[in-house]
Each structure stands twice: as C-alpha cells, then as structure tokens.
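Please look over the model below before reading the report.

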Amino acid sequence: MTGNDYRIFPQGLDAVTIDFGNVISEQLNRRVLALAARIGETAFPGLIEAVPAFSSCTVFFDFMELRRTIPSGSTVFAFVSRYLAKTVDELTIRETETSRLIEVPVDFSPGSGPDLQFVADSGKLSTAETVGIFTSRTYRVFMLGFLPGFPYMGEIDERIASPRKLSPRTRVEKGSVGIAGRQTGIYPMASPGGWQIIGRTDFEMFTPDCASPTSLRAGDRVRFIAA
C-alpha cells in the first residue's frame, strides 16, 4: 500500500511496517514516536507492541487473535494497513515534545578511546579539538536497537564524522562510545562491533531487573561530558 508520503508493507504474517522515508530526520522521528504512542493508546485486538525506528514504525500482533476479530473477506494485512493509514491521518504532532536531558560522563583517554586519534587525523584535528567538537552538542536518541539499550543518536558534526571500521572488532568493551557516519552510540555490554571507539563511560545503559531496563529512550537528549 502506498500513501502520499509513506508506504506500508508486511513483515511476515504477524507484523506490518509503515515507513516515512529512509533518512535521518528529527521531524520524521517525532512523527514516528507520536505514531507509536498513538497506537499504544488505540490498541486493536491482538496488538503486541509498536516499535519505532529512525523513520519507520513496525507493529507486531498476534495473527490468530486478530484474524478472529476482523470480517471474513478481509485480510489481516489489509486491516492493519487501513488502521495505520487512518491513525496517521488523524495524528497530531506536538510542536514541542517532552524529552529528558541526560548527561553522560566519558573518559576520552587513549586506553578508553582507541580510535580517537584516527577520527582526529581524518578531520585534520587534534584529539582535544575532536573531543571539544563532540561534547559541544546535545544528541537526540532516535531509536534503540542492535543490543538491548543501545542508543542510535545524532547527528554529530561533519568534521568528526567517520565511517565504520572495515574490519569490525570481535570485542568492544561495555560502555564504549562510538561514531559511525554522523551517528554516535554507547555499547551497553561487551560485543563485537565496527564503530570507531572514541571513549568509554561507566553510565549503565541496560539493567534487565529494573521495571524500565533501558536507561535511555527514543526522544531523549544526551550531552557527553569529558570525565
């Protein structure tokens, strides 16, 4: 199904995605988060959850439960598509959203940021200048993914934007702060990874026993502080 500025497509039998465009945009991300919240408020039978991403939202549901509630002659995909189109048409996006500002201390020493020198050299900068540019902005959390609690944040200054490593590390330490393109992120646990690592934090990103296990959520703003 194609709309004026979005498209809707199935993800197997029990999920449907609505995509507003393959770009990093705060405006689109605000729309996605508003849609995910609205879906949660107007849940249909069998809805499991709405998962927002940069510029899309995927709705997961119990196929059999939903199948029993919709009229014969219609498909589950058609029902969810109509529901999403109607919800988007009626969506109200607030001009100002309530978001948290969270400060994250970071150790930018060579032992914690093994790729800081590479990022600095790529931009013809000193490491101090690179850290200064990186810590001069606040970053929006666009989405969580890859690992539990891993925040995809942006956008970093073009002068320190760096590509992913050609050969990913087999182990990136917990708390590592990385750059990939114009995104930055924090590894909540040790993991393989290909981002350029410029520092490390002790800030806990994922606590599975807590009622809210992830420290950050989409829509938050993060400011890094040199520790």
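Of the contacts in the chain with a separation of 6 or more, 60% are between residues 24 or more positions apart; contact means heavy atoms within 4.5 Å. This is a predicted model, in which local features need pLDDT of at least 70 and side-chain atom pairs count only at pLDDT 80 or more, while totals for chains, interfaces and linings use all residues. Residues are numbered from 1 along each chain as its sequence is written, and side-chain values use heavy atoms, with hydrogens and water left out.

The chain has five helices and 13 strands; helices (H or I, at least four residues) and strands (E, at least two) are DSSP runs, numbered from the N terminus. Its C-alpha atoms fill a box of roughly 65 × 35 × 35 Å along the principal axes. Of the 227 residues, 45% are buried, where buried means under 20% relative accessible area, exposed over 50%, and partly exposed in between (1.4 Å probe, protein chains only). The accessible surface is about 11,700 Å², with 52% belonging to carbon and sulfur atoms; areas come from the Shrake-Rupley method with a 1.4 Å probe, and for residues only the protein chains shown count as cover.

A nonpolar core is a set of buried Ala, Val, Leu, Ile, Met, Phe, Trp, Tyr and Cys residues joined through side-chain atoms within 4.5 Å. The largest one has 26 residues, of which Ile18, Ile39 and Leu84 touch the most other members. At least two residues of this core come from each of strand E2 (15-19), helix H1 (26-41), strand E3 (47-52), strand E4 (56-61) and helix H3 (76-89). Beyond its neighbours within four places in sequence, Ile39 is in contact with Leu47, Ala50, Cys57, Val59, Tyr83 and Leu84. A second, separate core has 23 residues, including Val106, Phe108, Ile198 and Phe224.

Seven strands form an open sheet of mixed pairing, in the order E5-E13-E6-E7-E10-E9-E12; two strands pair if DSSP finds at least two bridges between them. Strands E5 (101-106) and E12 (196-200) each have a single partner strand, so one side of each is left without a neighbour in the sheet. E5 runs parallel to E13 (residues 221-226), to which six bridges join it. Glu103 stands opposite Arg223 in E13.

Helix H5 (residues 127-134) has Thr130, Val131, Ile133 and Phe134 buried. Its buried residues line one face of the helix, because they fall within an arc of 160° seen down the axis; the arc is that of the directions from the helix axis to the C-beta atoms. They pack against helix H4 (116-122), strand E6 (138-144), strand E9 (176-180), strand E10 (183-186), E12 and E13.

| Residue | Helix | Relative accessible area | Contacts |
|---|---|---|---|
| Thr130 | H5 | 1% | Leu116, Val119, Ala120, Leu125 and Ile160 |
| Arg31 | H1 | 17% | Asp5, Phe20, Val88, Leu91 and Ile93 |

How far apart in space are Thr130 and Phe77? The two are 53 residues apart in sequence and 48 Å apart from C-alpha to C-alpha.
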